[in-house]
Amino acid sequence: MTDKQKTISRMPNAVVLLLGLVILVGILSLFLPTGRYEKITIDGRQVVDPNSFHIVDKTPLKFLEFFDSVHQGLGAAGPLIFMILIIGGAIRLFESTGAISGIVAAFARRFGKEKSSWVLVLIFTFFACLGAFPGMLEAAIPFAPLCISIALALGYDVFVGIAVPVVGITIGWTAGPTNPWTVGIGQSMAQLPMFSGIGYRLVVLLVLWAASLAYILSYAARIKKDPSQSLAANIDNVFNETRTTSKPSPSLSPTKWCF
């Protein structure tokens, strides 16, 4: 077992981390002052009055109430937790099929070096949609090596390869037209209609998509014309030497992702 694997194996389970946070909050409730906001009714909906904060008497959790608070919280947030479990499970199932990697590799095979800029546009748009709609922010991490290999094969550098998936999925997450983790949770807590205001967030997504993609394509075109302009020329040499002196990784095999 490698040192990295040993480090990962020592990380506590997510349930342990959550329980630790609950214990920490319970302890802090004994010392921190307690305050609250009042709610007012506007257009038939109860919303928080931002000017109504005031200090109230402390009500620290008792020993038995501490254990009771866990399932009470789960019950109060039942619809939200159910939504997160369903969406998270669907995303994990989608990733396990290899469909995402297959689509990314298919873009590169379909257009090739002749239309390499279109490969960047399509992959960037694909990851932007992953961040914007299902909210798959961390999905860019495992596909970064694949996108770097595609960028190098098309004559770009590692910065282009990493920017396409990471920047794409980040701007999608930021705009979040139907992001369940930011917009969905936030609007549920604010008692707003689910995914209301989607038109505005789509405009934000389009603006971020155009600005980010224009910058990436400008840099990519410049270094393809003159590789010495690359900010990662030495790194590219290492990648190229590695690819020419070693066998290709099975995860990047062009036959693995054929449909």
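This is a predicted model: local features need pLDDT of at least 70, side-chain atom pairs count only at pLDDT 80 or more; totals for chains, interfaces and linings use all residues.
Start with confidence. The chain averages a pLDDT of 77. Of the residues, 79% score at least 70. Another stretch calls for caution. Over residues 240-259, pLDDT stays under 50. For those residues the model has 19 contacts beyond four places in sequence.

Next, the surface. Five leucines make a nonpolar patch there: Leu 18, Leu 21, Leu 24, Leu 28 and Leu 32. The patch covers about 460 Å². Take Leu 24 from this group. Leu 24 is found in helix H2, which spans residues 14-28. Its relative accessible area is 44%, so Leu 24 counts as partly exposed.

Now turn to helix H10, residues 198-225, where Arg 201 has its place. Is Arg 201 buried or exposed? Arg 201 is buried, because its relative accessible area is 11%, and the cut-off for buried is under 20%.

What surrounds Arg 201? Leaving aside neighbours within four places in sequence, Arg 201 is in contact with Ala 175, Gly 176, Pro 177, Val 183, Gln 187, Phe 195 and Ser 196. Phe 195 also takes part in a polar pairing: its backbone oxygen lies 3.3 Å from a polar atom of the Arg 201 side chain.

Definitions and conventions:
Residues are numbered from 1 along each chain as its sequence is written. Side-chain values use heavy atoms; hydrogens and water are left out. Patches are made of residues with over 30% relative accessible area and no salt bridge: like charges are joined within 9 Å, nonpolar side chains (Val, Leu, Ile, Met, Phe, Trp, Tyr) within 5 Å. Accessible areas come from the Shrake-Rupley method with a 1.4 Å probe; for residues, only the protein chains shown count as cover. A salt bridge is a side-chain nitrogen of Lys or Arg within 4 Å of a carboxyl oxygen of Asp or Glu. Helices (H or I, at least four residues) and strands (E, at least two) are DSSP runs, numbered from the N terminus. Buried means under 20% relative accessible area, exposed over 50%, partly exposed in between (1.4 Å probe, protein chains only). A polar contact is a pair of N or O atoms within 3.5 Å; within protein, one must be able to donate a hydrogen and the other to accept it, and residues adjacent in sequence count only if both atoms are side-chain atoms. Contact means heavy atoms within 4.5 Å. pLDDT is the predictor's confidence in each residue, from 0 to 100.
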